[in-house]
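Hi,

Here is the structure I promised to pass on. Have a look at it first, and my notes follow below.

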Amino acid sequence: MRTLHSLDSDHAHALERTAKDSPTGQRHAQKHESAERHVSGTARYVDDLPLPKGALHLAIGMSEVAHGTLDTLDLNAVRAAPGVVCVLSATDIPGHQDVGPVFPGDPLLVSNVISHYGQALFVVAADSERAARQAARLAKMSVTPLPITLDPRVAAQQGDLVRPTHTQARLSNGRPADLESVTKALGKSAWQVEGELESGGQEHFYLESQAALALPGEDDEILVHSSSQHPSEVQKLIAEVLGVPFHAVTVETRRMGGGFGGKETQAAPVACLAAMIARHTGRAARLRLPRGDDMHLTGKRHPFHHRYQFGVDDSGRVETAIITLTGDCGHSPDLSDAIVDRAMFHADNAYFLGNAYVRGIRARTNVASNTAFRGFGGPQGMLAVEAAMENIARQLGRDPLEIRKRNLYCEGRDTTHYGQHVNQHPLLATLIEQLEEEGHYWQRRAEIRAFNAKSPVVKKGLALTPVKFGISFTAKHLNQAGALVHIYTDGSVQVNHGGTEMGQGLHTKMIQVAARELGLSVDKVRITATRTDKVPNTSPTAASSGADLNGMATRDACLRLKARLLDFAAEHLAQPRTSLTLEAGELLSAGSVLMTWGELVQAAYIERISLSEKGFYATPDIHYDRERGTGHPFYYYAFGAALCEVVVDTLSGEYRLEGADILHDVGDSLNPAIDIGQIEGGFVQGMGWLTSEELKWNEDGRLLTDGPATYKIPAISDVPAGALRVQLLEGHPNSSASIYRSKAVGEPPLMLAMSVWAALRDALASISDYRHAVRLDTPATPERVMLAASVQREWLNEWLSEQSLHDQTSQSQPPHVQPHQVTP
């Protein structure tokens, strides 16, 4: 796109704004607070922490069957192995054995039924990691096999579910609906489109695998360093496993080497095992999973089976939608109830569905329990409606962008199938129209059609897709946060909040919030490690809400401190309170400097003014009646759009992303440089999920793709050089009262990658001269693309044969797509 900033110039522009416009660096780009430590290798992760003398190294003994009854477990050879100090199994757990985060079903160590290949059976502690891992292989066991289910559709047909099925149903007039009434409405539409789709799972592939270090203290006290997105949950589960009060356990997280949802719940068992060994032996214990063990032991993004039926009028506008989403939850509930709920919430993506019936099925299979992953079910929920948009376009002989624009939420069609008004919905049209114009969509469409007409093998594809993503935890009680702010007598400020840093820049944004409110430069503020003894009962850093929740809590604490200091200054200096401000490290009165920040803090300390404060925030205006499938589960929506072009070799299935232009809504950005980085990373990670990251199990339930040699995440070569262009939508602050009117940026960008998948389908549709939309399951690997191209050719040959037979080729051929613009 010629008029959008390039990747490099975006970062340069953002940094220029910092230097020129913002002496305290607030709401503008600031480098990541740990950037120098990251690149120099001095940033410390759990495996980098120095160990005290006598520390133990742990390894997990894992199941080599996917489903069966554990009849005997002989650990004598393990205990006798060189260097082994301790071996614990399920019978040695002093407290709770089930560590399910919400619902039971996740034994810390198996005592009876094995539910997936790689499930934890015992833990070994030895003097070295090598000794522990070698000893773990010496266990002997006997297992009575049980049937293995790997297909969620089979599980659903058998009624084997981890949680009950839920529905969301609503007529276009807002009245409650059921399947019968929606099906009746479907039959009245002029056109009907239906289809099926499989979307695969995704491995988190964080750079730092699951890790924990447990340090025993006095009596029953224990300190655990955990690579976790949810330290409070780790604290709770360790306490329950050990049978001690919560206050005996302190969990600390300085940073993670990536999380993406994979460390929201599944970090806890690793921490519990380390704590159990430390408690049993009185020695420090560290457990860091090797990559292969991590991939076998932990869950992934949920694979889904999608089935959809749409009723459409002659213009391509959707009148009715029936969507069934079957999630592969793995062997236990974990977070699947909420994940399938969010898939249902996002089954509309950016489109008004009219009469809608959405059903979510939570199927049980014999794989590691699938869990949170960036987007939390939302990406999977959007795929069916995006597939339908392409199918409608081909059936009606229209361009997919025309159909997408015609169905966007708009005035009078602005309420979701669960009854929430879509605030700021005009931004969807704004984003698409700006990207359409600046990206020269129709010009490129004409050029691509001309190229494809002359190229029998290599085809190009183009797609422009929107994203609407709801921001909030759908579990209402999680929408709260706390912070603790200290001002020291030298004027330096320390902030602790409940969010965790996994590379996304949350701590950097919190430094900016504190600095802005106190009128300081960012170098005066330091963030300390997230600890359960500083801010208790915290929510996970998830749901894209880290900056929203913790930013407001940090701001609350800082506002209280600032008010206290200004009240003191007004009395101490005999100045009108309303004239006093804190700016650029100085106390001002009507623009005149009264004293420096450091002098003010010293004076307040001498007069015994408290320089410490806690802050708290709870998101307002959210509610949801799950039984009725209606409510207001999201505080606001974030929007985005992406325009992607691909080139495909239809004989080999190989393809290349030629360019991606992204325009994304972040409200008033807290930090443009970090937000742009999040958009880039989310897009590439989403592209990996939809194209290259394929998980494969054998018939015995063993994961075959268990390392970088067999599991392909995107490489730098998969990103178009100089052609990944990101721009933030300007001039549209959040209409909800978020932190400085910003919007969340963690998860929404991942779904922008749907434009890559849609562009691949567009290229394949050109084989049939855009008459037919072929099914393309994800990940759309070259093999799948090649097979889809073959299906397209078969369809075209059959169609041509029918036309020849009836001598009606010219009369029955649908009109070519015309490059015109339609505004909904």
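In which sense do strand 17 (residues 480-487) and strand 24 pair? They pair in the antiparallel sense, over seven bridges. Strands here are DSSP runs of E of at least two residues and helices are runs of H or I of at least four, numbered from the N terminus; two strands pair if DSSP finds at least two bridges between them.

Some housekeeping before the rest. This is a predicted model, where local features need pLDDT of at least 70 and side-chain atom pairs count only at pLDDT 80 or more, while totals for chains, interfaces and linings use all residues. Residues are numbered from 1 along each chain as its sequence is written, and side-chain values use heavy atoms, with hydrogens and water left out.

On confidence, the mean pLDDT of the chain (the predictor's confidence in each residue, from 0 to 100) is 94, and 95% of its residues reach 70 or more. Residues 1-26 stay under 50, and the model has 53 contacts for them beyond four places in sequence; a contact means heavy atoms within 4.5 Å. Residues 814-824 are also below 50, with 24 contacts beyond near neighbours in sequence.

Back to strand 24 (residues 612-618). Val485 stands opposite Glu613 in this strand. Buried means under 20% relative accessible area, exposed over 50%, and partly exposed in between, with a 1.4 Å probe and protein chains only.

Then there is an open sheet of eight strands, in the order 3-5-1-12-9-10-11-20, with mixed pairing. Its edge strands are strand 3 (84-89) and strand 20 (530-531), each pairing on one side only. Within the sheet, strand 9 (residues 211-216) and strand 12 (residues 285-288) run antiparallel and are joined by four bridges; Leu213 has Arg286 in strand 12 as its bridge partner. Helix 7 (residues 231-242) packs on the sheet and touches strand 10 (222-226), strand 11 (249-253) and strand 20, its direction making about 145° with that of strand 11. Axes are lines fitted to C-alpha atoms, for helices over the stretch in contact, and angles run from 0 to 180 degrees between N-to-C directions.

Helix 4 (residues 129-136) has Ala131, Ala132, Ala135 and Ala136 buried. Why are they on the same side of helix 4? Because they cover an arc of only 130° around the axis, taken from the directions from the helix axis to the C-beta atoms. Among the elements covering the buried residues of helix 4 are strand 1 (56-62), helix 3 (76-79), strand 3 and strand 5 (120-126).

- His417 is in the loop between helix 12 (400-407) and helix 13 (426-438), and is buried at 4% relative accessible area. Its side chain has a polar contact of 3.1 Å with the side chain of Gln168 and reaches the backbone oxygen of Met344 at 2.8 Å. A polar contact is a pair of N or O atoms within 3.5 Å; within protein, one must be able to donate a hydrogen and the other to accept it, and residues adjacent in sequence count only if both atoms are side-chain atoms.
- Thr365 is in the loop between strand 15 (355-363) and helix 11 (378-396), and is buried at 1%. The side chains of Thr365 and Asp328 make a polar contact of 2.5 Å.

Best wishes
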